Number of protein chains: 2
Amino acid sequence: MRTEGRAKRLPRAVRERQIMDAAVDVFSRLGFHAASMDEISDVAGISKPMLYAYLGSKEELFATCIRREATRMMEAIATGVEPDQEPDVQLWSGLRAFFGFVGENRASWMVLHRQASTQGGPFAVELTDMRTRAVSLVAALLTQSTKAPATKLEAESLAAALVGAGESLAEWWLDHPEEPAGVVAARLMNLVWMGFGDLVDGNVWHPPSRR
Amino acid sequence: MRTEGRAKRLPRAVRERQIMDAAVDVFSRLGFHAASMDEISDVAGISKPMLYAYLGSKEELFATCIRREATRMMEAIATGVEPDQEPDVQLWSGLRAFFGFVGENRASWMVLHRQASTQGGPFAVELTDMRTRAVSLVAALLTQSTKAPATKLEAESLAAALVGAGESLAEWWLDHPEEPAGVVAARLMNLVWMGFGDLVDGNVWHPPSRR
DNA sequence: CAGTAGTCTTACTCGCGAGTAGGTACCAGG
DNA sequence: CCTGGTACCTACTCGCGAGTAAGACTACTG
């Protein structure tokens, strides 16, 4: 991963990108505390003072990583989802987009999910923000469905459970990469839409290919 | 939380308990890296060398905490679940036991879920062990249900999703402590057993009080 | 070609925290 | 009252990592 070519004297914007990429990589592998600024500057192929000059302190750098990756991910999902469709189709497209993103951005996902959630610092804010947006999205989807959950609290907690199920399944997926994204997404779709009760009886939810 | 009475010259077994309790408390609040041995010994009301004499290095201490709390939790669930019952009732009792434990042992839960899962060290083993046991438990429950998921992989991933949903909902619950454990458990039960599809149509799952 | 702005480096300081050396108090049993 | 053992302490060493001082090298601009 180490940058080799020693390409010298690059413009600031480019360097910042390189540094951010390196930081996400290192943070995802080691976690916030265990990651050292020396390691990050090393992976980025620059010296430490550059790092401080461009991205500030370690905490600032981490927060910036979170923000960037969270934005990337929410955009990926927003792009993938299809509004003005039946609730089940909306959920389905959202899940596909989510698992698609995780599959192609494992490091981003690890920084977001594992690292950010544990460090109680100013980062939790960024992360909680994104998670809240995701939960609200799902909660809105549930509420808009006819006789769905009554109270706001109920919808929110169900949405939290669903988001958590997605996160956890994504985590599991990291250990079983042989499965394609679509299959994993479909599985979760079936779980949350049909429920075990129906699955036990052999009733499954079909993707919109039949439409 | 600081131990005041300066009760002196206690037998080793008692001190070890105190130290473990203090360690779980500190680890849960600060995480593995940010927690210092000085802080732990301070909270436990003893000096650092005692800590090292009794519980070994920081890593050993942390691993011991994980093991103890994981065991406590799995025992709580095993005690709460009712085998030889219909699958839905088994799941229901398991969920109740789980949320009951988390509600009364927030610190234990945080150490287990947030801290242990992120530190890639030798702890992950302990934690993964427990999680695997939990997932296997659920997977077995699913497989034993008649026409349930075909492949082993499918059952496992669904179980992982369910366990994750539980973890996530427990996390959400920490921010909404006003809700009683039973309500939260019932909500998850409805989600995973009935699915949104049924919930949207107003079909809910009833706890076994009707039996 | 001097000046100025921006890129980039080596070589430090300094505090924090893991782990330890070397003791002191207290309680057995002889 | 001595002898050993166990509980317990103060006061260190020492490395690692965050953050910085001070300057060098390049490139554009007049």
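Biologist: Why is B:Trp173 called buried?

Modeller: Its relative accessible area is 4%, and buried means under 20% (exposed is over 50%, partly exposed in between, with a 1.4 Å probe and protein chains only). So 4% puts B:Trp173 in the buried class. This is a predicted model, where local features need pLDDT of at least 70, side-chain atom pairs count only at pLDDT 80 or more, and totals for chains, interfaces and linings use all residues. Residues are numbered from 1 along each chain as its sequence is written, chains are lettered from A and ligands numbered from 1 in the order in which they are written, and side-chain values use heavy atoms, leaving out hydrogens and water.

Biologist: And what makes B:Phe99 buried?

Modeller: Its value is 0%, so B:Phe99 is buried too.

Biologist: Why are the rings of B:Phe99 and B:Trp173 called edge-to-face?

Modeller: Rings of Phe, Tyr and Trp (its six-membered ring) pair if their centres lie within 6.5 Å; planes under 30 degrees apart are stacked, over 60 edge-to-face, the rest tilted. Here the centres are 6.0 Å apart and the planes at 70°, so edge-to-face it is.

Biologist: How do you know that this pair links distant parts of the chain?

Modeller: B:Phe99 is in helix H5 (residues 87–104) of chain B and B:Trp173 in helix H8 (residues 152–174) of chain B, 74 residues apart. Helices are DSSP runs (H or I, at least four residues; strands are E, at least two), numbered from the N terminus.

Biologist: What sits over the ring of B:Trp173?

Modeller: The charged end of B:Arg106, 5.4 Å from the ring centre. The rule asks for NZ of Lys or CZ of Arg within 6 Å of the centre and within 35 degrees of the ring normal.
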